[in-house]
Amino acid sequence: MPRHSAWKRQLLHDFAETLASCDPADIDQVRHGLAQDGWNSACLPADEGGLGLTATDAACLADHLGQVHAPSDPLDALAALPLLGRIAPEAARDVRAGTCRIGVAAGQGGPAWFTGGPPDLVLWPATDTPDAVTLRRPAAVTRHPIPGDPLTAVDRPDDLAHAPAGPLWTTCALLRNAHLLGLAGAALNKAVERARNRPQFGRPIGAYQAVAFPLAEQRIRLEGLRLANDALLRDLDGTVPTDASALTDAVIALADDCVRHSVHVHGAYGLSDDSPVAACHRRLLTETARHGPSDPALPEPGRRTEPVRRQSTLRQQARLREPARGTEAVYPSDRCVHELIELAAADHPDAVAVRDHDGDLTYARLDAEAGHLADDLARRGIGAGDVVGVHMEHGAPAVTAILGVLKAGAAYLPLDPTLPPERLAFLTEDAGAALVLRDARPVTRTPERPAPRRPAAPDSLVYVLYTSGSTGTPKGVEVEHRNLTNRLYWDAATFALRPSDVVLHHTALGFDISVWEIFAPLAAGATLVVPPLQALRDPHRMLTLMRDTGVTVLACVPSLLDLLLDEDAPTLAEVSGLRYVFCGGETLPPRLVDRFHTQIATARLHNFYGPSECTIDVTSWRCDPGAGDAPVPIGTPLANVSVHVLDEYGDVVPPDRPGELYVGGAGVARGYRRRPGQTARCFLPDPFTDRPGARMYRTGDRVRRDRDGVLHFLGRTDRQVKVRGHRVELGEIQHTLERHPGVHAAAVRAVEDRIEAHVVTTDGHPPDAAGLTAHLRRTLPAHMIPAAYGFLPELPVTGNGKTDYAALPRLAPAPHDHPAEPDALRDALARLAGRLLGRERLGADDDFFAAGGSSLHAARLVARARTEHGLDVRLEHFLAAPTVRGLADSAAHAREGDPPDDR
């Protein structure tokens, strides 16, 4: 039996449900049911309201139509509607609606035969040119009773329209073959079932060779002819293969053998009118009488010697199933990223480029200081092809260092100072960094003659950004200048940032949102505002800074936007100049969109989606008010970016069916640093374009594309997750755990927004959870540390021996027998902290982060303590003493006018 992808199995299930709602033997009921459920237009392109099915896909429907003993006449609408839409659009609309019946004549000479009543319109081979088609209304109609269903003969009247036939005749012939193969398969299945259950001389008759051997032989012939028919359907390109007639004759002969043998196996019962095999026999008589022998008068120009390439098949599927939404845009192709900033510096030398707690940095000074650093790097032999680490906190020096690295021709490698030393050392060594910068000042102090730089080209690397790796080690994504400039040009055309704009730069340099935060405003001549470290952790201070500095554009993850909307002094609405809020990195909940529009009337909210391997973002969606509870789409592709939804066999999925997202075009990165195997597995040749060397990236994300071309995110195809905006490969945590001497095996999963780890120990004695955490913290960042550990004698497995993650028990927060707090405020804060962590309460001295909290949880706790209890508390005070008691003491100090020193 043929293998079908998940979407095609669902398609056949839906088709079967339609047929089950009517009597398959009643041609009028079948036609009405198929038209009502939209099946007549299944082969139309998605842009025209169809599913974009190819002839090969339609053959699956034809096969199923034969399996239920239905007539083949409804297949005429599937094959004819694409052509009819071009030569008679009004008639095509009527056929789609089911108010007009269309038929296709089987041969050139004589009348056309149809089951039941005559169709309203008939497509005939043209009299003088058989490779053309004429549209006619039936003239003389004659009914002919036969042993099967009665047939109607229709003679040809005058032409209504005339057009090239294209692949119509071949398509119809091969679809009818598929229908007869389905009918033969139904008869064969009935015979096999009867042979197993009908006894003779104390044994099932299927045990006798005279019965079993013909059934096996017919099964082999059936599958062979189905493969041959499918091969011709895949090769269909508008010509009739020379062996189409021979194949049809072979299919008819096989169907006759299957039905006759099935009748013999059933015995006298097979001859009764109400038996299934008799229904197969009647349908076969009707179909063979309707179509007759193959018509040699139809043109047969010769079989192609070259099979249609896989690339051509995919492009045909894309034309049929993807919207004709052009994303092509012409942008300058000879620019590097730093050159865009140099142009902005030339146009706005005195404008403020970066503003931080140390003061303002103008474009002229930024460009000059970055140039000095570039000269110093050039003297050290660093240029195009090199990677330079930037081990710095947020601020103007980090921006200057990054720009200086690019001016020298090298690519920058962000190294977050908060990462564990072992991880930093691995990233530096794995990337092959030629140098690590810890400030933006040139190392050489004595004046020297500038060394010639090795400048970057558009295809040179601009940055290397490491992401979590499923094999246990992080992998570095290599992004080129041309990847990033395409994104920056699209930003300039879509949102038109201007010199008066102020953009908040708050994202850590190790995340690709920071790339946009730095380069998009600087390329537009806008101002970059860098908050102090305390404001990065405190939504209250961040909002105050945004209000005071006049921020107009904010990019953030949805969870941070949720926190900002919780604040009331100041509120996000008090950032009066705010024009755009860009969300990405996490799923954007519809309730958050509603909250945003309820509080913010002037700014526009956009949802972005994209993996790091595709240069920040792939798609965008404008979130307008009033969308309701429907999931927020991830949108449509950016300029010069192509997106394709493919099934597990690599075929394009029709609209509204789930599949895996593949991304091509200008944003696709070069690959993974020093990992050719992983690069080859994830960055595949792009068959949808003629550009030499073009590749597409396999995202691993399940999506659905609707009929308007809008993508909707459905989930992952693997075990990669997003935890508080961070991309996490759970396999990396698992591999790191299994390197602990006390761990024999581990299984890690994400539950809601926290990570749980289940451990099988080496000696049966569970290691201390604190020891496991300390082991992980040596190499993993904080967001990858599990919030809870469970210890099992063995991991549950599925039937094929793989870990059954669904069978792992949910790890509840560790129970604590906490007495009631004597202080009412402390008791209220304990319950508030407990609600945020999914438990009843948190003990007064329990560490908030050890109990599963994150920095975002902490910010939410402090924000709610302010709004719900009127406390004057700061996030940094809670971070210094992350317990309920510490938070209550901080509030008491504030009431007494003696807050802790936060400098």
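Predicted model: local features only at pLDDT ≥ 70, side-chain atom pairs only at ≥ 80, totals over all residues.
A crossing of two helices is called left-handed if the near helix is turned anticlockwise from the far one by less than a right angle, and right-handed if clockwise. Keep that handy for the first exercise.

Residues are numbered from 1 along each chain as its sequence is written, and side-chain values use heavy atoms, with hydrogens and water left out.

**Exercise 1. Work out how helix α3 and helix α6 cross, and which residues make the contact.**

Step 1: find the elements. Helix α3 covers residues 55-67 and helix α6 covers residues 168-197. Helices (H or I, at least four residues) and strands (E, at least two) are DSSP runs, numbered from the N terminus.

Step 2: get the geometry. The two axes come within 7 Å and cross at roughly 40 degrees. Axes here are lines fitted to C-alpha atoms, for helices over the stretch in contact, and angles run from 0 to 180 degrees between N-to-C directions.

Step 3: classify. α3 and α6 are therefore oblique to each other (under 35 degrees is roughly parallel, over 145 roughly antiparallel, 65 to 115 roughly perpendicular, and the rest oblique). As for handedness, α3 passes α6 in a right-handed crossing.

Step 4: list the contact (heavy atoms within 4.5 Å). From α3 come Ala 55, Ala 58, Ala 59, Ala 62, Asp 63, Leu 65, Gly 66 and Gln 67. From α6 come Thr 171, Leu 175, Ala 178, His 179, Leu 181, Gly 182, Leu 183 and Ala 186.

Step 5: The contact of α3 with α6 has 10 nonpolar residues, five polar and one charged. The classes: Ala, Val, Leu, Ile, Met, Phe, Trp, Tyr, Cys and Pro are nonpolar, Asp, Glu, Lys and Arg are charged, and the others, Gly among them, are polar.

**Exercise 2. Describe the sheet made of β32, β33 and β34, then say which helices sit on it.**

Step 1: order the strands. This is an open, mixed sheet of three strands, running β32-β33-β34. Strands count as paired if DSSP finds at least two bridges between them.

Step 2: find the edges. β32 (743-751) and β34 (788-791) each pair on one side only, making them the edge strands. Ignoring direction, neighbouring strands are turned by 25 degrees against each other on average.

Step 3: check one pairing. β33 (residues 754-761) runs parallel to β34, joined by four bridges. Val 759 has Phe 791 of β34 as its bridge partner.

**Exercise 3. Trace the strands that pair with β28.**

Step 1: take β25 (residues 658-665). β25 pairs with β28 (residues 695-705) in the antiparallel sense over six bridges, and Gly 664 stands opposite Met 696 in β28.

Step 2: take β27 (residues 683-685). Three bridges join β27 to β28, again antiparallel, with Pro 685 opposite Arg 695.

Step 3: look at the turn. β28 and β29 form a hairpin with five residues between them, and Gly 709 in the turn has a positive phi of about 85 degrees.

**Exercise 4. Start from Arg 487 and explore what it touches.**

Step 1: Arg 487 belongs to helix α15 (residues 481-494). Buried or exposed? Arg 487 is buried, with a relative accessible area of 4% (buried means under 20%, exposed over 50%, partly exposed in between, using a 1.4 Å probe and protein chains only).

Step 2: list the partners. Leaving out residues up to four places away in sequence, Arg 487 touches Trp 516, Phe 608, Thr 615, Ile 616, Asp 617 and Leu 638.

Step 3: inspect two of those partners. Thr 615 lies in the loop between β21 (604-609) and β22 (619-623), and Ile 616 is found in the loop between β21 and β22. Thr 615 counts as buried at 2% relative accessibility, and Ile 616 counts as buried at 3%.

Step 4: check the backbone. Most residues other than glycine have a negative phi. Yet Thr 615 has a positive phi of about 60 degrees, and Ile 616 has one of about 75 degrees.
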